[in-house]
Amino acid sequence: MNEKTIKSGLYLRMLRGGESRLGANKDAINDLNVFPIPDGDTGDNMLMTLSGGIDATRSLTPEKTENQPSISLGETASKASKGMLLGARGNSGVILSRFFAGIAKGLEGLEEASTTLFADALAEGVKSAYGAVSTPVEGTMLTVLREGVEAAQAEIQKEAEAQAQTLLETLIEAMKVSLEHTPELLPVLKEAGVVDSGGAGVLCIAEGMLDALEGKDIPAKQTQNAPPKAPQVDLDGFGPDSVVTFGYCTEFLLRLQTSKVGDPDAFDPSPIKEFLESAGESVVCFKDGSIVKAHVHTPTPGQILNKVQQWGEFLTVKIENMNLQHSGVTIQNNFDTAAGGTAAEPEAKTEATKTETKPAEEVFAKKRKRYAVVAVACGEGLVQAFKDAGVDEVIEGGQTMNPSAADFVAAFERAAAETIFVFPNNSNIILAANQAASLYKGCEIVVLPSKDLGSGYVAAASIDRSCPDKQQIVDAAIETIGSVETCMVSKATRDAQMDGVVVHEGDYLGFERGRIICAEKTREDAALKVAETLGIGLHDVAIVFSGADTPEAEAQAFAAILQNKFPRTETMLTPGGQPVYDYIIILC
Amino acid sequence: MLTIFTDSDTDFTPKVAAEYGFKLISMPYSIDGKTFYPYEGYDEFDFHAFYDSLRGGVLPTTSALGEDRYISYFEPEFAAGNDILYIHFSAAMTMTFQSMDNALKTLKAKYPERKFYSIDTKGITIVSYLIARELGDLLKKGMSAEEAVKWAETEVDNYSQYFFADDLKFFRRSGRVGGLAATMGGLIGLRPVIHMNKEGKMESLGTVKGRIQVMERLVKYVEECGDDVTAHRFIVGHTDAPELAAQLEGMLKEKFPGLQTETVCTNPTAGSHCGPNGVGIAFHSKGRLK
């Protein structure tokens, strides 16, 4: 291959090549975890983000774009970028999505790009990626991207209109050197004995792009590597004598037909939304161009489909018996499943929230609450605790399962309020929440900087919904977030030495946000020590959430020990059922 | 003859009422549409079972007594030639006394010579209990109904009540406490401290985090507002939280050696509004706040 020009089809193939390589290596990237506990998810996050972009371009095959000059490189890059922005999960995913958004900006309006222009677009990508975080840290994927792209640009300056292959080879070589160097820039990596996982991820993508350029076989979709997006459904859960009590989760993409609605672009989808509202619950409905995307819970999906066909024809339809679905996360997972299985859905959501703001507000005006709270949590008990704390929409997720920007957008839709306060509850989720907030135009979104479950829980429970002053609520929540200490306990998956603590595989680590405090032989010893280190006795209340692997009797005995040892600190125990963390202790 | 009534919202039980020869008006509560009248047909109430049902998710409601009920309580007394003194819970907290007034108008026409006296304790549960007990003692010693009414005019304000609730959902639903923030603070150990004000209404004084800390706040109110508390009855009330009540009693006695406390469990009708695991105190004070 001696390509000197990058066209739409090639760009798509390159993206798919990147997805393929990343998919094959995601577990290894997950394992590049600074903390020796099983919560690494960078590989998953980056893969799901990239896949979100590729899904958004599914209607455009490389062959199609090559044979249809009307589909420009700029359009393709833009479509992929929008999909990634909405599909972004975790900080690495958000940075990746911004990188590709920068590339799309650089390629805007171009039918095709010379390698020089493409290198400039890459530089635009780096600029955009750095802009994704308020305080860029060197030694991360940002550095790897920047140093790789700088080398590529230097190559272009040496040889104008270099071959695309040379450009990528130069980029990759520089990225490899940069990646190896990351532990020198970031002490935490050096201490953990790993290179930066996000950097490794972008290197994989670049290598996969080169694979595509070199004509290596790229499977259409690396489904075998894609992380599961929906829970397994137990079909035995609904037998011959079962009764449908929850109805059917029904989703469809409807292509508006000129013969039925006149000009699809000018068509106002309000009648469809109003019909769905009258026929079911949990309605989400919006329009992007000539496509209407809808989600509704109904006992009679057939009637819904028959009725809406008067406006168009179906592109996709999905109907699931909600008795079979996991309670509590139904809508969320449905949306995820749909995002993975439909063409331009993530983009449709973005555009819909932008273009449909007014009608949606008119339709729902009377139903919108003054305030709503959206939070991220995982574990049956913790999810329930957040709901009890007044959280309107709990997005299932956390350290090992970062929700995407699209997940947030769907939750914003469901929450239906004038102002929505968002508690991401994880430093790796805040960027995706912010990204969703910037994409969503349906109402005011306030993302509060809760970096762990503890601060988010306490702040959410403290929100005074009767307070007319929104700023007062925000100030109080920020103050609360800053006043809470959260201790966590998890089992070490490897030997390590961090923060001056020698860790052996199988030890229980007691840690707070980003800092290991102790390594003990039992989870209770670790929990006690970390709680003592964080000054449990100086706090009025200790809220203990026991993890999925912590036996209830053991947790109760531990809570009693805490209460006896620190009588002035009220200990409140709740089975949180969270994965990974044997205990989460919130000191407030 | 004078017949003295009080009601179950003052935390008087049939046993305590019998000590003074009081008759007891039962204030109802409802669960799932079924109305219950405490102590009607029985003398002992299973507080633990009641509050445990609240812990399990039951949310009772309360309702005003009907006119006919008041007539059924009062008419036999008037018919027998007795006058009535009714020491009742706060009229500012309920519409039930409207029904009573209507009943009294009917009875006045029928028994124009009979007298009806009422004393509003401007409280509910323990402070009403304390005032009714004090009045019971005085009446036993020969105080007349007129004198009792006169006494109450000045003395009711000198009995204060402070308490905390464990779960705000009961109060939030009943809407009977002013100044409550609409938070879910109970989940994070944040409890509102509530008092009875001079108008006989419940009012939030803010929240305190931590169980020990909230009980310390109650003790502090006694230190700040108490008036010769060791020379008077001192009531500790709880909504099925006897251990907490005992702990608070211990803290109080440490500060006020010689304090004579009496512990009561809050009646179910009032308890429907404040929920389980709450503790409160009522004592002789320099006056109520506000």
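Trainee: How far apart are the end C-alpha atoms of helix H1 in chain A, and what should its 23 residues span?

Mentor: In this predicted model, the end C-alpha atoms of helix H1 (residues 8-30) of chain A are 31 Å apart. At 1.5 Å a residue, the 23 residues should span 33 Å, so the two values agree.

Trainee: Nice! And where is the kink in H1(A) centred?

Mentor: The kink is centred on A:Ala24, and its angle is about 50°.

Trainee: How many residues of H1(A) are buried?

Mentor: 17 of the 23 are buried, so H1(A) is largely enclosed by the rest of the structure.

Trainee: Let's zoom out. What makes up chain A?

Mentor: Chain A has 23 helices and 18 strands. Of its 588 residues, 59% are buried. Among contacts in chain A with a separation of 6 or more, 74% involve residues 24 or more positions apart.

Trainee: New topic: how much space lies in the second largest pocket?

Mentor: About 730 Å³. The lining has 27 residues, and those closest to the pocket's centre are A:Met572, B:Asp166, B:Asp167, B:Gly186 and B:Leu187.

Trainee: Which helices and strands each supply at least two residues of that lining?

Mentor: From chain A, helix H17 (380-388) and strand S17 (570-578) do, and from chain B, helix H2 (47-55) and helix H7 (168-174). S17(A) gives the largest share, five residues.

Trainee: How do the lining residues divide into nonpolar, polar and charged?

Mentor: The lining of the second largest pocket has 11 nonpolar, eight polar and eight charged residues.

Conventions
Residues numbered from 1 in each chain as written. Chains lettered and ligands numbered in written order. Predicted model: local features only at pLDDT ≥ 70, side-chain atom pairs only at ≥ 80, totals over all residues. Heavy atoms only, no water. Helix = DSSP H or I, 4+ residues; strand = E, 2+ residues; numbered from the N terminus. Expected span 1.5 Å × (residues − 1). Bend = angle between axes of the 7 residues up to and from the residue. Buried < 20%, exposed > 50% of the residue type's maximum accessible area, 1.4 Å probe, protein only. 1 Å grid on protein atoms, 1.4 Å probe; cavity = no way out; pocket = protein on both sides within 12 Å on 5 of 7 lines; lining within 4 Å. Points joined across faces, edges and corners; volume = space filled by probe spheres on them. Nonpolar A, V, L, I, M, F, W, Y, C, P; charged D, E, K, R; others polar. Contact = heavy atoms within 4.5 Å.
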